[in-house]
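I opened the model today to look up side-chain contacts. My notes follow in the order I took them.

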Amino acid sequence: MPQNGVYPEDSGATFCPWAEAGLAPGTVLSRVSGAFFSCPEDEDTLVIYFTDPPNVFAGPDIVTCASDTSVSLSGVVSGASTTGIWTGTGSGAFDPSETDLVTDYLLSSADTTAGSVVIYLTSTANGDCLAVTDSLTITILDQPQLNITTSDSICANAPFIDLTGTVTSGFSTDWDTDGFGVIADPSSLTTTYTFSPLDTIGGSMWIYLSTVGGICPVENDSMQLFFIAPPIADAGPDLVGAPGEELIFQASRSVDPDGDVAKYEWDFNDGTTGEGGVTAHTFKQPGRYFVRLKVTDNTGHARAIDYDETEVFI
């Protein structure tokens, strides 16, 4: 360090700005030689000027979607340099080039798989200054995947249907239909749709599920919902018989408008039951019996059933 602002002649010191000497730009340093015999002392001066280092700003961090193929970069280099070069940890490329401060980074498939890339901007043509580097991180979000999981058919006499679906975590969704009914909560992935009588007229309607716009483009899924007509039960005419007499019950006039009746179930109202489109039964006690027929169609829908009764006098 200088002594009283003067470096000793034999110090051999190297000047270190700011940190070592605490000197401001333009500081004058003096170096004094010793006397030589009867000659007076001599003095020389040196003025040191400091150049500000380059200022480098790569830009803010970027979040993009896996469906995007490129990311726009706009860096700034000022001060001792106005040029720079882009580099990164990914395997993508810079377009038009890595030396254009305003350029695009072309994402590679490996970048998308990795989920993030660090991009560096480093000053060039720095003169006597050292290069300065700034960085930003590109985060790549997975493209959302969504799917409607609601059954694509329902009995036409159902008052509502449960709407269900799946979507990639972190994304919001919205339901819509071309029907005339009401969605309880369109923004909930699990909700209900209450039918309007007008919905079943055409035999089907469309249901739509979409992601809410954001960083990634909107994704859509759709499903055509078909209305299944319920079966129509017909237990046959009323019957009259005597105790112990075998009576024949026929459900042959039962129909399913858009399919087949898959099952016939009888309740004879005397503690016994039977099955089949045609069945026989014997009542042991006199009385009045209301025999109930239940028919089920071949779709398996819980509401695809119908009931009818016939009256029996014994």
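I began with R288, which is exposed because its relative accessible area is 52%, over the 50% cut-off. The model is predicted, and I kept that in mind throughout.

**Salt bridges**

I looked up the partner of R288 next. The side chain of R288 meets that of E311 in a salt bridge, at 2.0 Å from N to O. I noted the places: E311 is in strand β27 (residues 305-313) and R288 in strand β26, so this pair links distant parts of the chain, 23 residues apart. E311 has 13% relative accessibility, so I logged E311 as buried.

I then asked how many salt bridges there are by this rule. The count is 4. I went on to D234 and R253, whose side chains form a salt bridge with 3.5 Å from N to O. D234 is in the loop between β20 and β21 (239-240), and R253 is in the loop between β22 (246-250) and β23, so the pair ties together parts 19 residues apart in sequence. R253 is exposed, with a relative accessible area of 56%.

E265 and K294 came next. Their closest N and O atoms are 4.0 Å apart, and they form a salt bridge. E265 sits in strand β23 and K294 in strand β26, so this pair ties together parts 29 residues apart in sequence. E265 is partly exposed at 25% relative accessible area. K294 is partly exposed too, at 26%. I also found that salt bridges with shared partners join K263, E265 and K294 into one network.

**Aromatic rings**

I counted 9 aromatic pairs in the structure.

The charged end of R292 sits over the ring of Y307, 4.0 Å from its centre.

**Cysteines**

I found 1 disulfide. C65 and C216 form it, with their sulfur atoms 2.0 Å apart. The link is right-handed, with 105 degrees about the S-S bond. C65 and C216 are both buried. C129 counts as buried at 17% relative accessibility, and C155 counts as buried at 1%.

Note on methods
Residues numbered from 1 in each chain as written. Predicted model: local features only at pLDDT ≥ 70, side-chain atom pairs only at ≥ 80, totals over all residues. Heavy atoms only, no water. Phe/Tyr/Trp six-rings, centres within 6.5 Å; stacked < 30°, edge-to-face > 60°. Lys NZ or Arg CZ within 6 Å of the ring centre and 35° of its normal. Disulfide = S-S within 2.5 Å. Buried < 20%, exposed > 50% of the residue type's maximum accessible area, 1.4 Å probe, protein only. Helix = DSSP H or I, 4+ residues; strand = E, 2+ residues; numbered from the N terminus.
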